Amino acid sequence: LTKMASCSIAAKEAEAESTMLPNWLDLPGDITRNILERLSTVEIVTSACLVCPLWWNICKDPLMWHTINMTNVRCLFYKNHFENPTTFSLLYNNHPEDLKVCRYAVERSCGHLIDINIEYFANDDLLEYISENGSNLRTMQLLNCIDISDKGFSEGVRKFSQLEKLDISYCNLSKDSLEVVGRS
Amino acid sequence: MAEEVSSQMNSLSISETNPSSSATISLVSGDDIVFKVEPTIAKEMETVQSFIDETDGKITTIPLPNISSHDLPYVIEYCEKSIAGKITKEFEAEFVKKLNNEEVKELFLAANYLNIKKLLDFLSQVIADRIANKSVEYVRRYFGIENDFTPEEEAKLREELAWTFTGVDPDDEDEN
């Protein structure tokens, strides 16, 4: 009982020092960052970065953009409904915003881009832009990107000297394009 | 006060531990409820463990004024599962189903305070999932963040980003 009493006093003393949990904005930046890094790129660009100046600054760091993830919930919703990727791509009705968001994110990464994951909307222009600004790219997923041509693909992919992993499932690419990848 | 704590302990009987065993660690919540846990659990909580280490293990009663008796059992449950190597996707899904937004945030802050990396990472993902595809205003409300951009600053940034996709989910007022 004596022990309990003393612990209770200790607790009360400590409580006097700090009774409240910290305000979110008082938390160390890397704690907030740990959450923000788990959002998709679209969510960071359209929402998280505008929440407050602190979050804006966290989002300004190029290292926040070393992974660009342009897959999102909308895709998953449609994917469950339309098994055939071509039908899906047509129905998905490419959002021009996605192209812009992706460009913006690549620009923000300031050459630190390591991993990019795009579904459906990439085209030759975007791939060219990525290849010019992402020389450190290691992993690229281009799922269902039927707008990428063999020519655009071959020219873009040559510039990724660090590329280790490439996924081009359901893209309209020929055997020749794959040979370009093999050589570079 | 001593009697109050002691009676709370009796009525709650939080864990079945042998009172004579000096090995157990007593965690005292901010509202003065004592939770007896195995030392292995304390090891998961870096803040607690370093407190024990600093006192050469002589002190086994640790006040945790920032953590309520409502939240602490969740933290302990997660640590127990973690030690048993039983953190599965199913467990996590069940675990998070029980928590409303307020509880998720409190647990997150508790995990941060106790420095439990695994729980912190898990809850970071939970929070990210809950604010995903939501509007700026929703996210501010969710975290209780005061918007301290000046109206001019915010207008400028919004204009800068005006081209971006705005198809967020409708704001969900239901806090659960």
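**View 1. Secondary structure of chain B in the predicted model.** Chain B contains 9 helices and 3 strands, where helices (H or I, at least four residues) and strands (E, at least two) are DSSP runs numbered from the N terminus. Followed along the sequence, the elements of chain B come in the order α-β-β-α-α-β-α-α-α-α-α-α. This is a predicted model, in which local features need pLDDT of at least 70 and side-chain atom pairs count only at pLDDT 80 or more, while totals for chains, interfaces and linings use all residues. Residues are numbered from 1 along each chain as its sequence is written, chains are lettered from A in the order in which they are written, and side-chain values use heavy atoms, with hydrogens and water left out.

**View 2. The annotated span of chain B.** The unreviewed UniProt entry places the annotation "domain: SKP1 component dimerisation" on residues 117-163 of chain B; such annotations may be inferred rather than shown by experiment. This span is 70% helix and 0% strand, and its end C-alpha atoms lie 38 Å apart.

**View 3. Surroundings of Val75(B).** Leaving aside residues up to four places away in sequence, Val75(B) touches Met45(B), Leu107(B), Ala110(B), Leu114(B), Ile116(B) and Leu119(B), contact meaning heavy atoms within 4.5 Å.
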